[in-house]
Amino acid sequence: MSDLDRRQFMHSSALLAAAAAIGATPGIDPRTGQGLPVPGLAGKNLAEAAPGISWQKAPCRFCGTGCHIMVGTQGGKVVAVAGDRQAEVNKGLLCVKGYSIGQILYGKDRLTQPLLRKGGKLVPISWKEALDTIASRIQAAPKEFAFYGSGQWTIPEGYSAQKFMKGGLSNNHIEPNARLCMASAVTGFLATYGVDEPAGCYDDLDRADVVIFWGNNMAEMHPVLFSRIIDRRATGAKIRLIDIGTRRTRTTEHCQHFLNFNPHSDLAIANGIAHLLIKNNTYDKIFVEKFLAFRKDGAKPSLFGKATTFEDYKRHVAEYTPEHVEKISGVPAKDIYLLGRLFGDPKLRITSTWCMGMNQHTRGTAINSLVHGVHLLSGHFGKPGDAPTSLTGQPSACGTVREVGTLAHALPGGRIVKKAAHRKHAEKYWNLPAGRVSPKPGYHTVKMWERFCTSKAKGGDINTIWVQVTNPGQSLPNLNKLFLGKKGLSEKFLIVSDVYPTATTKLADLVLPSALWVEKNGVVGNSERRTQQWFRQVKPPGKARDDTWQTIAVAHRLYQRGFAGMKDKDGKFLFEMKDDKGKPVPVWDFGRYYDVNVDQQLFEEYRQFTRLKHKDLAPYTEYVKARGLRWPVVKQANGTWRETRWRFSEFDDPYVKKGSRIQFYHSSSKNDRAQMWIRPYENPPEMPDAKYPLWLCTGRVLEHWHTATMTGRVPALANAMPSTYVELNPVDARRYGISNGDQVRIKSRRGQLDLRAWIQGRGEPPAGSLFVPWFDEKRLINLVTLHLYDPISKQPDYKKCAVSITRLGPGK
Amino acid sequence: MTPNAESPLSQRVLTVIFAVAVGFAIMGFIVGTRPASKLPRSKPERAAKRPAGAAQSYTQLRTARAQRTRTGELSSLVAAVPTAVPTAAPTAAQRTAALKARAQRRSYNGAPPVIPHGIGQRTSASCLTCHRAGAVVSGKIAPRLSHPEYTNCLQCHVVSQGMGPRNVPNVANSFQGTLTSGRGTRVSLGAPPTIPHSTWMRSNCLACHGPASKPGLRTRHPQRKSCRQCHVPNQRRFPAAGISQ
């Protein structure tokens, strides 16, 4: 359209707008189109009203991709969503979950009032009674209270929980479900760079010549990012995709190469690549000379290990010849040679991505550090398109868990409770008396739930857990041990803030109704260091309320009761919020909560923490204007705020010393070098044997997000994927006499589950292994999975354990 | 707006695919294995009933699937896409029917429609066999892709009925989406109406308004190809969303 056309058109639309304002056409049924004006009756066409939908931005509520959505609201309800074309992440595209997100607010069984278990039944109570109940539980035993959240906590939600626990209760038992999701990615980054989170960003996906998916079914788990890669082919880009996986998936179908490896043997593959780089002399000499240090474990695996030499490293990888790697991994030696050639070619740009496959791994930290190592050794790092990038599964696993540090050992901004200087920072920013923050790390997730499911007499020293924004009753591994063990322990008390009844609320003693997504303000941080903000657009139903409010209200109840920890060193309430004139606002009264922007005030306080590790955040108001900004966001001479796309690279990162090209300025060896780890392959703790002859892997499907408490209530998604199944190879199907659709029983040393068999379905595991999605709350595969975890990250391995399969009968 | 540019190679591939499809159609007709049947709609994807016991082999499964395709779903059913000749204006009843059919497959206007038939779960290749160019199969319209730049079909479109019992929370949802964007506006009688909806991912107008589309949405003048010469998006409708073109 030419400019003239456009002007003329705008003019005519203005006339039309005026015409439309005069007379609307009521009585059109939007579901059927009944009552639409008859074609040809121009007068009625002219009178047609604008739909009256108002649009506002919000990031998606689901995975860690961080797509931006335009939310259409009308009459106080969400009525439509659209991909946000101003968003760099998704450029207007969404996945089926994103397109369905408006509907997650409107499941008929939304929790709308607080419920307390009385005589075995959950009965409605007032918010006052609910807050008093929690305050009394905490006062009775403040050190036996624990807070369990997730990467779905917004930054202000996680920050207020963090401050409440560590600053208010001097109690470090705060954990997120992200421990189950990406703790090994964190320890991988820390072990390698001395500081957490990817150096690259999604722009790498637009530039890479080769993308390697390490156990990563991106087509289903991060579909918008996957499209961002494969859509390049539509415009003629030559891009080589390699799937290193343990089963065929939708991702495999788009890849030129599928390297099907034996579970756990990804360590051998990574070592094999390093072997070839050394042997062929194709490693990056400048990187080794200037940017790398070498490291290995002492007697026990640890985050920082001990220093060693390049010679030692070479000796270690010498044994990983492609032929030896083939023996361990089952991947043909020629494919290892291929990877060696690609990484050895400095002209290519190579991006690696991974998610749960490498993280839910009893050697999670090891494989994470090895993949970083392969990129560093080959110099495929620090240029657009050359990056090792981990992806997160939750909208704020990075923003909240990793940056705010809602973990048992952490403090905001990359600090840890063990360090006196870090505790001092927290006490300063929170205006607390010295010594308020405890130096002793709390229990990590598995330990926390173990102690909760054990009677006090037997050492179970966690007696109350408050769960927000997650569903551990379905997502913890080995549920019999770590969740269902609570049954019959009358001294234990479980508080659950949620939006729908879940597997967790089944055992809850107190249920609190929460606001969801655009029913509240929020700030989150996605996988590429991008911090994103949104405003409340509709009101929550009934008495449902913001999670941040819930935390502050409980804190205030304790403050009213004289609980010393809820006062700062001047005797003021820990969460005092002020209006523009500096006057305190009683935000603990929900009627007054939105008198001020609590999110903004918490965010500005939190922002002070972000400088130490050079993860600088901009003022809240900058995020209001943007579709997210990637930290460090640094103020320019002209007063604007500039985001950083490539960390540690001189051309983009303002914190890199001029002339150094690459600088790892948080190096754990204190010499600006990243750590190259010696990490050998070892067998996993449980492997198939005569009694349990098959591998079991669990994971997700495109349609459902996590435990399907939200997506399961969206008709289109629930209809498309109504229940879980077990995927098996035709060879195993024949061996065990199983037909498509048959009922089968999966059994491990820990539990069993009956499922429907799907042969040649959406994915295909190789012979000898099974795959089961875990979204189905009526078929909990976590009754079967293993609770053993990585010794450094404490993240359990949901991706492999040994099981048996037997046919029960034909499908129903 | 850029015209829908397809490489000559992909056109050649399409020609081959079509030749094969038409070949099957002729074979199906001659052999007369089955009278033209209805396209199965929204059936749960279940394996054919077999006596319980050993799993079928790869080859058996594949043969069975090919057999189904030959005899039922595609062969005798593919019809030529109607020629682009001027037609009468849709009637109000046709239009209502078309909007109703649209609404059944979308939870709101702008949602990707669900897939009303069984699919191969693994790839998008089979989707594109019919939908890349569009086809009329047994009177049912397999619409041409309205957004040829996106081909990862299963990212946004899911089947309307998957396998197995409904285990995920089986509760009603009270979401009420806006299902129609209403009609285009005209500056005067006889003027071309504006486009009342977003054109984002609807760059191919003829996917919904072409001769092989629902009668109620069809253009009266399919012989004219440069739609946006006369019809322009109604900017006022989608300003904040940034979704107009």
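In this predicted model, the buried residues of helix α14 of chain A are covered by elements that include α11 (266-279) and α15 (333-343) of chain A. The helix itself spans residues 322-329, and Pro322(A), Val325(A) and Ser329(A) are its buried positions. Seen down the axis of α14(A), these buried residues fall within an arc of 55°, so they line one face of the helix. Directly following α14(A) is Gly330(A), which has a positive phi near 80°.

Helix α18 of chain A, made up of residues 397-404, is mostly covered, with eight of its eight residues buried. These residues are Ala397(A), Cys398(A), Gly399(A), Thr400(A), Val401(A), Arg402(A), Glu403(A) and Val404(A). The cover over the buried residues of α18(A) includes the helices α5, α6 (183-193) and α24 of chain A, together with the strands β7 (174-176), β20 (522-525) and β21 (530-534). Just after α18(A) comes Gly405(A), for which phi is positive at about 80°.

Two packed helices are described by the angle between their axes and the distance between the axes. For α5(A) and α18(A), the axes come within 9 Å and cross at roughly 25°. Because angles under 35 degrees count as roughly parallel, α5(A) is placed roughly parallel to α18(A). The crossing of α5(A) and α18(A) is right-handed, and the contact brings together Ile155(A), Gly158(A), Tyr159(A) and Gln162(A) of α5(A) with Gly399(A), Thr400(A), Val401(A) and Val404(A) of α18(A). By residue class, this contact of α5(A) with α18(A) comprises four nonpolar and four polar residues, with no charged ones.

Helix α5 (residues 155-168) of chain A also packs with helix α24 (residues 598-607) of chain A, at an angle of about 65° and with the axes 9 Å apart. This angle makes α5(A) roughly perpendicular to α24(A), and the crossing of the two helices is left-handed. On the side of α5(A), the contact is formed by Ile155(A), Pro156(A), Tyr159(A) and Ser160(A), which meet Val598(A), Asp599(A), Leu602(A), Phe603(A) and Tyr606(A) in α24(A). The residues of the contact between α5(A) and α24(A) divide into seven nonpolar, one polar and one charged. Ile155(A) and Tyr159(A) of α5(A) take part in the contact with α18(A) and also in the contact with α24(A).

Several backbone features are found in loops of chain A. Most residues other than glycine have a negative phi, and most peptide bonds are trans. The peptide bond from Trp631(A) to Pro632(A), however, is cis, with omega near -5°, and Pro632(A) is located in the loop between β24 (629-630) and β25 (634-635) of chain A. Lys670(A), a residue other than glycine, has a positive phi near 60° and belongs to the loop that runs between β26 (641-642) and β27 (674-678) of chain A. With 9 C-beta neighbours inside 10 Å, Lys670(A) counts as exposed, because a residue with 12 or fewer such neighbours is placed in that class. A positive phi, of about 50°, is likewise found at His706(A), which is not a glycine and which sits in the loop between β28 (694-699) and α26 (715-720) of chain A.

Chain B contains five helices and three strands, which are arranged from the N terminus on in the order α-α-β-α-α-β-β-α. Of the 245 residues in chain B, 27% are buried. Among the contacts within chain B between residues at least 6 apart in sequence, 79% join residues at least 24 apart.

One residue of chain B that can be considered individually is Gln155(B), which lies in the loop between β3 (140-142) and α5 (206-209) of chain B. Gln155(B) is buried, with 26 other C-beta atoms within 10 Å. When residues up to four places away in sequence are not counted, Gln155(B) touches Cys95(A), Val96(A), Pro223(A) and Ser227(A). Gln155(B) and Pro116(B) are 39 residues apart in sequence, and their C-alpha atoms are 16 Å apart in space.

Conventions:
Residues are numbered from 1 along each chain as its sequence is written. Chains are lettered from A and ligands numbered from 1 in the order in which they are written. This is a predicted model: local features need pLDDT of at least 70, side-chain atom pairs count only at pLDDT 80 or more; totals for chains, interfaces and linings use all residues. Helices (H or I, at least four residues) and strands (E, at least two) are DSSP runs, numbered from the N terminus. A residue is buried if 20 or more other C-beta atoms lie within 10 Å of its own, exposed if 12 or fewer, and partly exposed in between; C-beta atoms are placed from the backbone. Axes are lines fitted to C-alpha atoms, for helices over the stretch in contact, and angles run from 0 to 180 degrees between N-to-C directions. Angles under 35 degrees count as roughly parallel, over 145 as roughly antiparallel, 65 to 115 as roughly perpendicular and the rest as oblique. A crossing is left-handed if the near helix is turned anticlockwise from the far one by less than a right angle, and right-handed if clockwise. Two residues are in contact if their C-beta atoms, placed from the backbone, lie within 7 Å. Ala, Val, Leu, Ile, Met, Phe, Trp, Tyr, Cys and Pro count as nonpolar, Asp, Glu, Lys and Arg as charged, and the others, Gly among them, as polar. The arc is that of the directions from the helix axis to the C-beta atoms.
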